[in-house]
Amino acid sequence: MPPKAWSPACANASPARPDAMDFVVTTLLNALTLISILMLVGLGLAISFGLMNVTNLAHGEFVTVGAFAVYFIQSVGGSFWVGLAAAPIAGAVVGCILEFAIIRHLYSRPVSTVLATWGVSLILQQGLELTFGLGAKPVTPPIEGTLDLFFTVYPAYRLILIAIAMLTLLGVILLINRTSFGLDIRTVIQNREMAEGVGINTRRTYAIAFTFGAAIAGLAGGLVAPLAIVLPQMGVNYLANAFFVVIVGGVGSIGGLVAGSVFVGGLTSVLNYQISPSLAQAIVLLAAIVAVRLRPNGLFNGASR
Amino acid sequence: MIARDRNWLVIFAVCAALAVAYPLIADGYQLTVIRDALIFGLFAASLDFFWGRTGILCFGHAAFFGIGGYIMALVTLNDAIPFGSLLGVMGAVAGAAFVAAIIGYFLFFGGIRGSYFTIVTLAMGVICQQAAVSWSSVTGGDSGLIGIPPIAFDVGGLHVDLSQDLPSYIFVAAIVALVVLALWSISRGRWGTVLTAIQDNEVRAAALGHNAPLRLLVTFILSAAIAGLAGALYVCMAGLVAPDLSGLLLSTEVIVWVAVGGRGTLLGPVLGAIVIQRAQQTISSFNPSLWPLLLGCVFVIIVFVLPDGILSIYARLKSLFRGRRQAQ
């Protein structure tokens, strides 16, 4: 689709726009893109790491699997949207198998979980590399071109990404607060023994919640695929950042997840303008460590705990 | 002296005797292979000193190895600095200890333990590797730095030059033996006992008057300093330094060496490093991408089949036979 079709009538007013405003809005939107992705990846991690106390180092691979699902569907001639629908399914399948085969046997052995999930992560990475070959995989966005937002011109696909991410988050909030399954999850989180006492199958609830988190991470991978470099090893960066989101934000609430994502995503995108990405990463790490030192229970101290 | 300590010393003496006898049967190339494996063994022992004694897993230990290696390379490659080898080693140890002190201070005094610590150190490793790649004006970027001279220094009129195979092997073996012995005596003494108490129940240990965060911090710094020493030794022997040395894969491999060798035994990780390096070279020689795949499988197998390392097979067999005899 030609870019013009996306421009509203006031596009001609652009020469009069102040440059500073352009810069601010672009930075804000870039930050919002990163924050959206981090929220989706962090959501699954908040469930497994924050609530079930399972340190899943293969969580980044759900993102990778989602991105590869989109690549695979596109490479056999399917559209991006079909790929995006397949991404959470792929994430869920991998997550379900992982929970069933490994994680549920290790709930009482945290260090073993770390080692085993890292092993799975290596196996998945090498498996993808052996299946799809070396090198970055191309994924084309469904919509080329930009959208004029009066203050700035911004790639249309990124705006769609932000919208889908926000809608997904809204859906998750509704699911947790308004459905009977959400009630089960909240009960298990608050008191596992009591939940078993009132007849909730906690094992099944854990398994479904874990699979659900994997599916959301897969969706995040699918969404980010056209923007990122799709590689079997891409997951580890999302893994580290998503853990920061959960650690900084504090566990146990959606508010913490949002706060953590805004902290990590916002800081990263603002710093990326000024300095090299890896230095920016290092500063974000240090800031996260200092934040944890100052507020050990998270920036947004969730009342639900 | 209790039986466990005696057993450990006997095994240590056997290993030391083998290390002394090895040059009699091996040629120069074989010596350098074992020498490099021993350096990684020292690295594994440094991780074991922290992980085995505190139960807290550091997932970015290669960061310290890499920091030590890069500092050593930069100091020895700079002609303006006199006594390059000695200052380089000191700088490497101090640099790794410094980074560990900063990160450890915030984490331990911030109450970060267990999985959270693992995650933050994982990120630290990722960032160190990225920094090594992108800060190319200093680190040489992806290709690293080459042409690092072998260790050479004068001490008390004695000239030490490690450019030959045999002297470098003896030097490395002696350092590894000394450090492992020192770490062992620290961890079996009062310091180690308090660490075990902290691992079992930190609140109770603190109630008994032990400054738990400080103990953990000092242990972590010591562990990182030895990792830095191993890194410095390695780059001098290999003659080059590259971003891989601080990478996640090495951080992961060292965990496997410790886990396979037996966590908390100090000697086991050294042996684990030597054996697994050997296996890695054999496997990588016919397919380089097979190794990470197998490494992943090893992780899963360790967790489910051998949670206490290879040495535990012996203990298990023993208890199996004892159980049979009692049953008869």
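B:L266 lies in the loop that links helix 11 to helix 12 (267-286) of chain B. The model is predicted. Phi of B:L266 is positive, near 65 degrees, although the residue is not a glycine. Most residues other than glycine have a negative phi. B:L266 counts as buried because 26 other C-beta atoms lie within 10 Å, and the cut-off for burial is 20 or more.

Chain B as a whole was examined next. Its secondary structure comprises 14 helices and four strands. The C-alpha atoms of chain B occupy a box of roughly 70 × 50 × 45 Å along the principal axes. A compact globule of 328 residues would have a radius of gyration near 20 Å; chain B has 20 Å, so the two agree. Of the 328 residues of chain B, 48% are buried.

Helix 1 of chain A covers residues 19-51, which is 33 residues. At 1.5 Å a residue, helix 1 of chain A should span 48 Å. The end C-alpha atoms of this helix are 45 Å apart, which agrees with that expectation.

On it, 36 residues of chain B contact 31 residues of chain A. Four helices of chain B each give two or more residues to the side that touches chain A: helix 4 (84-109), helix 5 (114-134), helix 11 (248-261) and helix 13 (290-304). Helix 5 of chain B supplies the largest share, 14 residues. By type, the residues on this side of chain B are 26 nonpolar and ten polar, with no charged residues.

Confidence was then considered. The model scores ipTM 0.77 and pTM 0.81. Chain B has a mean pLDDT of 85, and 96% of its residues reach 70 or more. Among the elements of chain B, helix 10 (residues 212-238) has the highest mean pLDDT, at 93. Helix 14 (residues 312-327) of chain B has the lowest, at 71.

Technical notes
Residues are numbered from 1 along each chain as its sequence is written. Chains are lettered from A and ligands numbered from 1 in the order in which they are written. This is a predicted model: local features need pLDDT of at least 70, side-chain atom pairs count only at pLDDT 80 or more; totals for chains, interfaces and linings use all residues. The radius of gyration is taken over C-alpha atoms; the globule rule is 2.2 Å times the number of residues to the power 0.38. A residue is buried if 20 or more other C-beta atoms lie within 10 Å of its own, exposed if 12 or fewer, and partly exposed in between; C-beta atoms are placed from the backbone. The expected span of a helix is 1.5 Å times one less than its number of residues. Two residues are in contact if their C-beta atoms, placed from the backbone, lie within 7 Å. Ala, Val, Leu, Ile, Met, Phe, Trp, Tyr, Cys and Pro count as nonpolar, Asp, Glu, Lys and Arg as charged, and the others, Gly among them, as polar. pLDDT is the predictor's confidence in each residue, from 0 to 100.
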